[in-house]
Amino acid sequence: MTFQLSKKAKELIPKARIVSFAGWENLHSPAEIQLFQAADDAGRYLEDEDLLKIAAPAPEFVKTAQLLRDRAADIVSEAREKVLAQYPDIVQPGGELYPPIRAEACWRDFWHFLRCITYGIAGNRPDFTSDEGLHYMNLLYQELQVPLPAMVLGLVEIKAASLSKCEPGDREKFAPYFDRLIDKLRQFSY
């Protein structure tokens with residue numbers, strides 16, 4: 001069984017960018033914002049060189065962004081395991097994430113969700129999301145019939161796995177960055 005993206009899905013994908021750096025001028029210079037934008041444009045995490053050039057409110061913001069970046073594979077794997085434990089048939093024939101290419105796209109979204117959250121943390125901007133980009137992502141998820149309960153659970157588990165790797169005193173400080181995206185995804189419609 002092959003999986004083919006519809007024309008509509010192909011049109012929505014480039015518009016479904018969930019991060020916005022608009023309004024970041026009050027905390028960051030244009031050069032810093034460009035570092036964030038360049039990383040997002042390339043679909044990559046901020047590199048150590050980028051993080052050194054970003055004015056962080058405290059060292060733990062940069063340290064946490066680095067930690068989550070460096071542990072992204074483990075965090076996504078933990079979240080994937082929790083989703084599969086809750087929805088064991090989701091990747092089986094007839095499941096919402098079948099064929100395997102659909103499941104891989106889901107796990108890739110988990111990786112990108114965490115990437116975007118690290119931008120918010122590094123930039124000290126819990127309001128890092130783009131309403132317009134999330135609108136298009138909602139439309140894309142509708143078009144692709146993405147199982148929203150599984151995606152929300154995945155984000156909740158990304159939060160749990162990520163915060164478990166943070167210093168205990170920092171967990172409450174960084175939880176809102178995850179909650180922002182979780183709350184937005186919960187508002188998606190079918």
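1. Axes are lines fitted to C-alpha atoms, for helices over the stretch in contact, and angles run from 0 to 180 degrees between N-to-C directions. With that in mind, this note takes up several features of the structure, which is a predicted model. Two packed helices are described by the angle between their axes and the distance between the axes. For helix H4 (residues 59–70) and helix H9 (residues 171–186), the packing angle is about 55 degrees, and the axes lie 12 Å apart. H4 and H9 are therefore oblique to each other. The crossing in which H4 passes H9 is right-handed.

2. The contact between H4 and H9 can be described residue by residue. On the H4 side stand Glu60, Phe61, Thr64 and Leu68; on the H9 side they meet Lys173, Phe174, Tyr177 and Phe178. By class, the residues of this contact of H4 with H9 comprise 5 nonpolar, 1 polar and 2 charged.

3. H6 (residues 100–123) and helix H7 (residues 131–144) pack at about 165 degrees, and 13 Å separates their axes. An angle over 145 degrees counts as roughly antiparallel, and H6 and H7 are therefore roughly antiparallel to each other. H6 passes H7 in a left-handed crossing. Arg102, Asp109 and Phe113 are the residues of H6 that meet Met137, Tyr141 and Leu144 of H7. This contact of H6 with H7 has 4 nonpolar and 2 charged residues, and no polar ones.

4. Aromatic rings deserve a separate point. How many aromatic pairs does the structure hold? There are 10. One of them joins Phe36 and Tyr119, whose rings are 6.4 Å apart, centre to centre, with 80 degrees between the planes; this pair is edge-to-face. Phe36 belongs to helix H2 (residues 30–42) and Tyr119 to helix H6, so that the pair links distant parts of the chain, 83 residues apart. Are Phe36 and Tyr119 buried or exposed? Both Phe36 and Tyr119 are buried. Ring pairs also bring Phe36 and Tyr119 into a cluster with Phe21 and Trp24.

5. The pair formed by Phe174 and Tyr177 is tilted, with 6.1 Å from centre to centre and 45 degrees between the planes. Why are Phe174 and Tyr177 separated by about one helical turn? The reason is that they are 3 residues apart in helix H9. Phe174 is buried, as is Tyr177. Phe174 and Tyr177 are also among the H9 residues that meet H4.

6. Gln37 is placed in helix H2. Its relative accessibility is 26%, and Gln37 therefore counts as partly exposed. Beyond its neighbours within four places in sequence, Gln37 is in contact with Arg17 and Phe21. Gln37 and Phe21 are 16 residues apart in sequence, and their C-alpha atoms are 7.4 Å apart in space. Phe21 is also a member of the ring cluster described above.

7. Leu134 lies in helix H7. Its relative accessible area is 4%, and Leu134 is therefore buried. Which residues does Leu134 touch, not counting residues up to four places away in sequence? They are Arg17, Ile18, Thr129, Leu181, Lys184 and Phe188. Between the C-alpha atoms of Leu134 and Leu67, which are 67 residues apart along the chain, the separation is 26 Å.

8. The backbone also calls for comment. Most residues other than glycine have a negative phi, and most peptide bonds are trans. The peptide bond from Tyr98 to Pro99, however, is cis, with omega near 10 degrees. Pro99 is found in the loop between helix H5 (72–86) and H6.

9. Two residues may be checked for their phi values. Asn124, which is not a glycine, has a positive phi of about 55 degrees. Asn124 is in the loop between H6 and H7, and its relative accessible area of 24% makes it partly exposed. For Gln145, also a residue other than glycine, phi is positive and near 55 degrees. Gln145 lies in the loop between H7 and helix H8 (148–165). At 63% relative accessibility, Gln145 counts as exposed.

Definitions and conventions. Residues numbered from 1 in each chain as written. Predicted model: local features only at pLDDT ≥ 70, side-chain atom pairs only at ≥ 80, totals over all residues. Heavy atoms only, no water. Helix = DSSP H or I, 4+ residues; strand = E, 2+ residues; numbered from the N terminus. Parallel < 35°, antiparallel > 145°, perpendicular 65-115°, else oblique. Left-handed = near helix turned anticlockwise from the far one by under 90°. Contact = heavy atoms within 4.5 Å. Nonpolar A, V, L, I, M, F, W, Y, C, P; charged D, E, K, R; others polar. Phe/Tyr/Trp six-rings, centres within 6.5 Å; stacked < 30°, edge-to-face > 60°. Buried < 20%, exposed > 50% of the residue type's maximum accessible area, 1.4 Å probe, protein only.
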